[in-house]
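Here are a few notes to go with the model we talked about. Have the structure open while you read, and click on each residue as it comes up.

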Amino acid sequence: MEIKKGIAVSPGIAIAKPLVIDSEDYRIPRRSILPSAKVAEVKKVRDAFKSAAAELEEVGSDDKLAQGNIKDIFAVHQRFLKDKNLRKKITDLVYNDLLTAEYAVSTTLRDIANHFAAVPDKYISERATDIYDIEKRLLRHLLGKKREDAASISHEVVVVAHELSPTQTAGFDKKFIKGFATDAGGRTSHTAIVARSLGIPAVVGLEDVTRNIDPTATVIIDGNRGVVVIDPDEATLKQYQQFAVQFDRLEKELDALRDLDAITRDGVAVQLLGNIEFPNEAEMIIDKGGHGIGLYRTEFLYLYSQTEPTEEDHYNAYTEVLHVFGDMPVVIRTMDLGADKFTQSKRFAKETNPQLGLRSIRFCLQNLAMFKTQLRAILRASVHGDVRVMFPLISSLHELRQAKMILRDVMEDLDEDGLKYNPNMPVGIMIETPSAALTASILATESDFFSIGTNDLIQYTLAVDRGNERVSTLYSGADPAIIGLLRSVIHDANKARISASVCGEMASEPEYVMLLLGLGYRTFSIAPPMIPEIKKIIRSVTIESCNDLARKVLMMNSEREVINYLRNAAIKVLPEVF
Amino acid sequence: MRPAMLLVDIASKFSSDIKISNEQTTADAKSIMQVTMLAAAAGTKLAIMAKGSDCEQAVEALKELIEVRMFDEEGRQEAVAAG
């Protein structure tokens, strides 16, 4: 039994066998196999060599390809694949050191490649790429099938990976995925967001969970406490099975709140909306008792296809959701790509500091054709419901004006084409940069609504990379700097008589709910599975007590003091959530 | 890589155990991995040792490849030019 501590990012308890996923570029982790599996593992190596050689044979016999230099290169690769000496080196690693076939292949060939790369003679050192090529070919034969398996699993598993990319999570059959555990990541990493939207437990930031994990062992993921137990003993397993039952019971209790209003004990109504990433999550908001979408992320349209989405792709994705919501509000955020969400694409040149680089609205304003395609689809969809458009990462009035000018251009185009749209569609902005928060009174004069993206606002204000495990503990919504900004934004919004909601993670963390209410926020947009829990807190408090709490917190001068105070207050209100 | 391939191909025709070495390392002449890792640039001195029933023919054939045919490098260039 091995217990690992990470960051709990999505609640719940999952007990299942692991599905270990290696990303293509990531170094194959060193993993052991059971002695009983070694004969089968050695066979995997032999089979991979055989099928890779057969594949090469086929390519080599193609007349078009098989000429001159290329033919020679393939012929050399073929000799490597038929080299008994090389194969033995790898199978010995598997057989004697009990390592996985893929690790043995990868480490052996990389050693050889490194040997070549170190030779001063350029002709020889460049041969290292040939060795990497052979490594890739063998790994494709070893893992190719396994990768497909991740998309077509037929039994319940917990996914264990270094880090999950949007492309990988999109490929999962979500029915069978019971939880996530990853080496990297933080509270707001992609893995965390997907886990919460699926309502499955996840623990991230485990550092080395993919190393030495036995694929046949049972794994427990405790998304409440941030613990992962590998190969639990009988007593631990029993204990966790009980926890899981208790957790289910609490979930059912919360589900009973579905049809009740989100209203405080002293009668103040709060609007609870959902954040979604994919159209098919829309139903879950209704299921959980939400009254609209406060943040429809549209990045999936760009991330999950090889080509840029067409106007129809956008339009279909929006109308699909609008049909579910009738006349409830649906806030569509325009493309917010860059930084952590768009690392795999080669379409964009590498930036040394992507978080402060060409991303989000800035990218859109420099890629007008792409931006207009999306705006056109949003406008066309606006006749099918209460559609509102929201621009992300606005950092100055100038940017907001530019974006609105383009929106007007698109409206004119639609007029010319005789297509219908709602000319009064509300136009709002995300408040997620310190500059936007500090100039909220100015921005409010030209916005119909604000939505506070606390994740980015915290990261930019505190200058902390939320995904960097070494500094992520400095990332906190309880910092007096953040609370000060939250207070001034709602103040400015109220003064300008526009609405301001909170759509960042803060609104779905129980300890912050009373504070946000006390500061004056009345609309929260959160991950759908969190709606019942947040509703329960709202129904358990009075605005008077929240105001009181906010007043006290505004007097405090350290993050530690604030967070302890908020946690104690929340535990008193809702002990079972903690 | 191509010279190594020619060498391995010729060595593999013989049943003898054939070793090839530069000053530091010794390689199995039938393993392309080991031969290429000798990383012999032009001008390197190589020693060939063979043990087995056809060891003399083996050394002779490899010697011919290296010393007489020069790994077919010249002939190869002509072939490329013609092709």
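1. One term before we start: a nonpolar core is a set of buried Ala, Val, Leu, Ile, Met, Phe, Trp, Tyr and Cys residues joined through side-chain atoms within 4.5 Å. Also keep in mind that you're looking at a predicted model.

2. Now find the largest nonpolar core, which has 106 residues. Which of them touch the most other members? They are A:Tyr296, A:Phe391, A:Phe450, A:Tyr521 and A:Phe524. If you want to know which element gives the most to this core, look at helix α15 (residues 397–417) of chain A, with 8 residues.

3. Stay with A:Phe450 for a moment. Setting aside neighbours within four places in sequence, A:Phe450 is in contact with a list of residues that includes A:Ile429, A:Ile431, A:Leu443, A:Val489 and A:Ile498. Two serines, A:Ser499 and A:Ser501, are on that list as well.

4. There's also a second, separate core, this one of 56 residues. Among its members are A:Val42, A:Phe74, A:Phe80 and A:Ala113.

5. Is A:Ile538 buried or exposed? A:Ile538 counts as buried because its relative accessibility is 0%, and the cut-off for buried is under 20%.

6. What does A:Ile538 touch, leaving aside neighbours within four places in sequence? Its contacts include A:Ala262, A:Ile263, A:Val270, A:Leu272 and A:Val513. A:Phe524, which we met in the largest core, is another one of its contacts. Compare sequence and space here: A:Ile538 and A:Ala269 are 269 residues apart in sequence, while their C-alpha atoms are 9.0 Å apart.

7. On to where the chains meet. The contact takes 20 residues from chain A and 15 residues from chain B. About 1,600 Å² is buried between the two chains, with carbon and sulfur atoms giving 66% of that area. On the chain A side, A:Val76, A:Arg79 and A:Asn85 lose the most area to chain B, and together they make up 31% of what that side buries.

8. Finally, which element gives the largest share of the side of chain A that touches chain B? That's α2(A), with 6 residues. By class, this side has 10 nonpolar, 3 polar and 7 charged residues.

Terms used
Residues are numbered from 1 along each chain as its sequence is written. Chains are lettered from A and ligands numbered from 1 in the order in which they are written. This is a predicted model: local features need pLDDT of at least 70, side-chain atom pairs count only at pLDDT 80 or more; totals for chains, interfaces and linings use all residues. Side-chain values use heavy atoms; hydrogens and water are left out. Contact means heavy atoms within 4.5 Å. Buried area is the accessible area (1.4 Å probe) that two parts lose on being put together, summed over both. Helices (H or I, at least four residues) and strands (E, at least two) are DSSP runs, numbered from the N terminus. Ala, Val, Leu, Ile, Met, Phe, Trp, Tyr, Cys and Pro count as nonpolar, Asp, Glu, Lys and Arg as charged, and the others, Gly among them, as polar. Buried means under 20% relative accessible area, exposed over 50%, partly exposed in between (1.4 Å probe, protein chains only).
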